[in-house]
Amino acid sequence: MSYSFKKTGTFITITAVAFSILTLTPTFSQAKSTYKTASVEQFREVQPNKTVHIFSKPSANSKKYVKLPKNSGVVVTGQTKNGFSKIRYQFQYAYVKTSALKKVSSKTGTHYARDISKKYRYDVPMNAGSIYARTFTASFLKTYKPSPAVTNFWFYKSSPTQFGITEYDTSKGLYTGDIEDGYLSLSIKYPIKKNLIWSGELGQKTKITQTKATAKTKAGTFKNVVVTQNGKMTYYYAPNKGLIQTKDRGKTFIQLTK
């Protein structure tokens, strides 16, 4: 899932009390030797060309929460004896048929995910119209004490709000998602190629518009940036840095600060 705020009039609203969908841009050193991304051990891709549902219990006769969209994935926390995988769903657990899921390998070479060994600072420019504080701090947490179902995610905090985002950089592409949703969407598809199109967040068409762009933020200038377009939102990913900038209808919405 790509990263965005929801707007209401001139304000940005947070979609849930505890967490909300948001991803901004990192601030950290250039030391490549310490660069590390989240492990894909618990991540599973949804098998293509299959109808896959999230169930409330390990039974096809139980309540169906949601149908998983194309190019999505889930975080698996365990297995059942009758062929279901226990997954993280919002702040609790749910189930998906194991046969509908596929293991993945980590991406090698250049990454477009954030460095989990670093802490980050993010900024929402004035023109975004936020009613909240404009500086957000983020840290990668392995566990979340209020809910054992939530693991290995980015915890964002800026009083009075807090929210969480998960991302996995796989050999197929960079998957990202709000932990409230229970699934992740394909934000960048690999191998990277200009004009490549796929079904991304909310089933919308996502397209790589540039592969070697130069992007300027408050943190400086970044080269060889990959730019994607999803609806009216544009996303800028720097090599081995992650998302450094987001634009809404051409105006800077989120950016790396210092």
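Author: Strand E13 (residues 161–169) gives the most to the lining of the second largest cavity, with 3 residues; strands (E, at least two residues) and helices (H or I, at least four) are DSSP runs numbered from the N terminus. This is a predicted model, in which local features need pLDDT of at least 70, side-chain atom pairs count only at pLDDT 80 or more, and totals for chains, interfaces and linings use all residues. Residues are numbered from 1 along each chain as its sequence is written, and side-chain values use heavy atoms, with hydrogens and water left out.

A cavity is a set of points, on a 1 Å grid over the protein atoms alone, where a 1.4 Å probe fits but cannot get out, and its lining residues have an atom within 4 Å of a point. The second largest cavity has a volume of about 40 Å³, a volume being the space filled by probe spheres set on the points, which are joined across faces, edges and corners. Its lining consists of Thr37, Ala38, Ala113, Arg114, Ile116, Trp154, Glu167, Tyr168 and Asp169.

Tyr168, from this lining, is in contact (heavy atoms within 4.5 Å) with residues including Ala38, Phe43, Val75, Leu174 and Leu184, once neighbours within four places in sequence are left aside. Tyr168 and Trp154 are also among the residues that touch the most other members of the largest nonpolar core, which has 35 residues; such a core is a set of buried (under 20% relative accessible area, 1.4 Å probe, protein chains only) Ala, Val, Leu, Ile, Met, Phe, Trp, Tyr and Cys residues joined through side-chain atoms within 4.5 Å.

Key
1 Å grid on protein atoms, 1.4 Å probe; cavity = no way out; pocket = protein on both sides within 12 Å on 5 of 7 lines; lining within 4 Å. Buried < 20%, exposed > 50% of the residue type's maximum accessible area, 1.4 Å probe, protein only.
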